[in-house]
Amino acid sequence: MTTGRTDVTVPPPPTRRIELTVNGVTRTVETDVRSTLLDLLRESLALTGTKKGCDHGLCGACTVEVDHERVLSCLTLAVSIDGAAVGTVEGFADGEHLDPLQQAFVDHDGFQCGYCTPGQLCSARAMLREHARGDLSAASFDPADRDVVDGPQHLSENEIRERMAGNICRCGAYANIVAAISAVHGAS
Amino acid sequence: MVASVGLPVNRVEGVDKVTGKARYSADTQVAGVAYAALVQAQIPHGRVTAESVDAAAATASAAPGVSYVLTPTNCPPLQVLPKELTWDLPLERRPPLSDLTVQHMGQHMALVVADSPENAVHAASLMDFDYIAAPAHLDATEVVSGGGAADDVDELIRHGAYRPDHFVKLTDEKLQDFRGPRGEPPGIKVDQTYRTAVNAHYPIELSATVAQWDDGHLTVHDCTRWITGERRVLAAYLNIPEERIRVVSPLVGGAFGSKSFLWMHVVLCAVAAREVGRPVKLVLTRDQMFTSTGHRPRTEQQVALVADAAGTIVSTEHHTLTETSTVAHFCEPAGVSSRILYQSPRLAVTHTVARIHAPTPCFMRGPGEAPGLFALEMAMDELAYALGRDPLALRMDNLADVDQTDGRPWSSAHLARCYTTGARRFGWDRRPLQSRSLQRNGIRVGWGMATATYPGRRMPAACRVETDADGHVRFSAATHEIGTGVRTVMTQLAADTTGLPLSQVSFESGDSSFPDAPYSGASQTSASVGSAVFAAAQEWRGRADALPATADGPGRAAALSFTTASGPGPDVDTVSRSFGAHFCEVEVDEQIGRATVTRWVAVMDCGRVLNPKLATNQVMGGILFGLGMALMEQVPHDPHTGRLLGEYYVPTHADRPAFDISFVDSSDYGLDPIGVRGIGEIGVCGVAGAIANAIHHATGKWLRQLPITLEALLEPRDDDRED
Amino acid sequence: MRTFDHRRAGTVDDAIGLASVPGARYFAGGTNLLDLMKSGVENPTVLVDVNRLGLDAVVRTAAGGIAIGSGVTNSAVANHPLVRTDYPVLSQAILSGATTQIRNMATVGGNLMQRTRCPYFMDPRFERCNKRYPGSGCAARDGFNREHAVFGTGGPCVAVHPSDMAVALAALDAVVHIKGPHGPRAATISQFFSPPAADPDRDNGMAAADFITSVELPAAADTVHGWYLKVRDRRSYAFALVSVAAVLRFDSDGVVASAAVALGGVADRPWRVPAAEAVLTGRRPTPQLFRSAADTALADAAPLSHNGFKLPLARNAVMRALVLATGR
């Protein structure tokens, strides 16, 4: 069990100055060394689009892109990614013009409460890029369907579901999310 | 002009949700906010010493960045809630931090306020209390069989078991109900016990509160789905007039039955904000969500069905044992559907609630129906097999034309059509009766079905109309957008009824400064708020038509701005109830204990469908909720300490079936003038039963305990197999 | 979370030097360590950040195998052309673990070093945990132990190692290259997971400040049939209850020339089953042979009060994995 400290003077936790390029804009932040990227985005930069669903890597709501790969911001130590490029949901749209994925989510009703949606979008966008460069998933090894060396040419529904399995939607809009992603994938 | 009701209009807040502009409570931007973290009890029953509380508070206060520590020894006294204010809902009358006893694991023991989330969490982790544990009642059966004498400690802490008369304030929803002959008649009988586990709502949004005082006025941003109630209860706890409190909840990231009542942490956040003189933000951790915002309690249900040789049910018994905390009342009304769903001249329904040292449970999507229909629908299948009959045919032969509890007919009911349509879409007529007769690639396949039902409910609501000089009309009510799409369908309804285009109408929710609305739950919002919106829109149309053509902008706007109210619904000779049918296929790989739900057909009779895109999404979500309940959801805990352990699994993208969801879409004007009956919960009703029935069809096993685990599905030894 | 010093290492020797103080921990992806720091299980005073050491390549070795830098992410390993072509079972195992987001962050070194997911270990409020406090007891042994070991259960700790990657590495006879304060060394997977004494608070044979630099795989045989089967409580995004990595090589007559079978979710390390492998070697693949091998694999299992189901499950999973590996 942790025991309480009895020091009268406790040195303040160290902070660090780090630089992150968030949605193309370079920001300098004085951050608590313990801070996660998630808390930094939400509390220091007022970018509240990215959501906290569990803070322990169990739900995917906090998914963002760091150096163009999708990651969990709740398990990303901010000081560790000093200098990195960060992409959040706020960076998707071009002014009033929605990204095709965003529009597809709206049209296919890919959400209900909308809380997991930023994470779903960041995940989906990265996922489509991963597929385009030939990445695999566990579903690529399904006994009936094994494109292991080259990767599956087209994303089946099964593939999309496995690749998106790290984003939990308690409202259960999964089928519509996949429909939205499929539509964008098919159109590309 | 084309009517929009009945069309798949996109959600009005959809663009906000996909751009990150949508604001939930934790996103509230308030200058100078301080951060709070909760400290919760680590034993199920006992007390803490005042000395250790003060020592822990001193330790935490000395930690970096801490401005205040709220504990039972320094918390300003909060009022005990008056009895009538609990509305028979699971509200704890005993204020938080009001004594040194511990009534359940996770009870709030302190609140730390600091200048950053990291400092608040760290300081909270330093607080060690000396717990003096007392024997804890953790098991309902043990309480009922005499483990705990019934008593009242100031009526705020209670022990023992009791039998509530009815469900919340709904006197018609009797929890102890008998009809017909005393003795059970002879016939073909099924008598089994079904068990469901503790389930958590698990909304992805963590409960978050931002409390701010300004000259004696309190503004609370909270992800509540009951703004009106929360305001009233906060006022009671804090002993200040309601008018001095504003509650704001524009978007809620999923509720499913939680987030509606005033959970203790909200008032603690308000108290802390008052003490530190700064706005305070509190976000619960995921672990805290299991003990701080309610859950579905365990049930143990004994169901006995008797039918004559022709398959006509002659007797139904449904006896439920469930649990609540020692500090609030809640009864999971598992037997309510059995009172009405299938015709049965003899009925005995009872509910016994045992008070245990666990957190207070509350409504969870389909309260009563979800676990109760699991038991009833499994029992119906067991009866069908005992009779050698098709499970669907047995149900169709026992439909009730009237509400058997009072003899009134349904205002509109199309259950038979749900059955036949669903069966056709699924291909049920190709189902062999014999279990273990279907397989695919060496894996067992089963087809199961179940009935869904949920009452049509309606409560009073009000609606304000504000017309701008430019002609835009804003409707508003203190209801809540929790993902059901209320803002969208109300906009559609208002547009159609006023005759205005959608672009000229909007519907706002989520603020106590809007007219009162009931809690967003019980599938009642469309009927309740919808009736108010409908009345307001009709009023608007009437006033607009009566205005002289010469009325100027501001004059016209003033004339077309007002507030209306609507009541609890007409006093009619009929009963409004929704019905539906679920059909599913489940593959069971017995070698590795894996059940896969492959496809699902659901046909729902929910009255008029205001927006088929949103309605389908709701039903789909409900089915997934039931799938989780059936196959994976339980709160794992250490048997010795009751402490939560490990992870709570909910379905992922990879776990869901292919869906075929359709609606009968027949308006029912018995409940409200719009023709709706609500769709938020009916999707989950019957799902677990359908899955269990499909698993029986696949394996020959009746698995009567939820969740159905891998162990239960693993290929049994021959001598262990039951059939 | 307690505060800490965050130091970024420029070279491996740098890192080892920085890590040679009490309370120091290497920090790579952070997907396990940061999680445990939030829960108060790990309380490092110094985080030695090893994310930019340049150990992020997968290269062909002179022996015809591959060397995977310890800094390569799980995703990068799973998707690397050399791995997909020559060691697809490794790709499949990695892709069965966690989620893409986590695999994009987690490194090879971190994956091996990750700590158990035993819920009693992960919650410091449980006082009886021999891994956190040697000698305090084991709350899992008489508690909720459904997800715990069935091998090696006679000792002070019955938790399992959660890595999928490690199970495949065990079946592939991987070698872990380590550099420490006293110089470099190499360890088989079995050696890696063996602490010097039976100290449950040590997960593996790594001494303080020891650093994994790379993982090496021997040359893959020409026709390698491999499969990774993972059984869990939901379709994805869950740890293994039981998993099996099966790698078979057949000669030109269709006889098993060599077999490697490793189990996950059943012990504190990937569990190779040489006796079962011996049953398979030199025989033709038949259902009866696979059943015999599976029975042999589980012969010494000693389950706990709540995980007896793992025995039939593991037996069936071994058979299934062998069938799938053969058919590949």
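**Exercise 1: the nonpolar core**

Task: Identify the residues that touch the most other members of the largest nonpolar core.

Solution. The largest nonpolar core holds 405 residues, and B:Val112, B:Ile691 and C:Ala245 touch the most other members. Such a core is a set of buried Ala, Val, Leu, Ile, Met, Phe, Trp, Tyr and Cys residues joined through C-beta atoms within 7 Å; buried requires 20 or more other C-beta atoms within 10 Å of the residue's own, with C-beta atoms placed from the backbone. The model is predicted: local features need pLDDT of at least 70 and side-chain atom pairs pLDDT 80 or more, whereas totals for chains, interfaces and linings use all residues. Residues are numbered from 1 along each chain as its sequence is written, and chains are lettered from A in the order in which they are written.

Next, take B:Val112 and leave aside its neighbours within four places in sequence. Its contacts (C-beta atoms, placed from the backbone, within 7 Å) then include B:Ala36, B:Val39, B:Val66 and B:Ala120.

**Exercise 2: domains of chain B**

Task: Describe the contact between domain 1 and domain 4 of chain B.

Solution. An automatic or database domain assignment supplies the bounds: domain 1 of chain B covers 28–134 + 204–254 + 259–292, and domain 4 covers 459–566. Their centres, taken over C-alpha atoms, are 35 Å apart. On the side of domain 1, α5 (227–238) and β16 (245–248) of chain B each give two or more residues. The largest share, 4 residues, belongs to α5(B). By class, this side of domain 1 has 7 nonpolar, 5 polar and 3 charged residues.

**Exercise 3: chain C against chain B**

Task: State how many residues each chain gives to the contact, and divide the side of chain C by class.

Solution. Chain C contributes 22 residues and chain B 24 residues. Helix α13 (residues 310–327) of chain C supplies the largest share of the chain C side, 5 residues. That side comprises 12 nonpolar, 4 polar and 6 charged residues.

**Exercise 4: a sheet in chain C**

Task: Give the strand order and the edge strands of the open sheet of 3 strands in chain C.

Solution. The order is β1-β3-β2, with parallel pairing. β1 (5–8) and β2 (24–27) of chain C are the edge strands, each pairing on one side only. Neighbouring strands are turned by 25° against each other on average, direction ignored. Finally, 4 bridges join β2(C) to β3 (residues 46–49) of chain C, and C:Phe27 has C:Asp49 in β3(C) as its bridge partner.

Methods
Contact = placed C-beta atoms within 7 Å. Nonpolar A, V, L, I, M, F, W, Y, C, P; charged D, E, K, R; others polar. Buried ≥ 20, exposed ≤ 12 C-beta atoms within 10 Å, placed from the backbone. Pairing = 2+ DSSP bridges. Axes fitted to C-alpha atoms, helices over the stretch in contact; angles between N-to-C directions.
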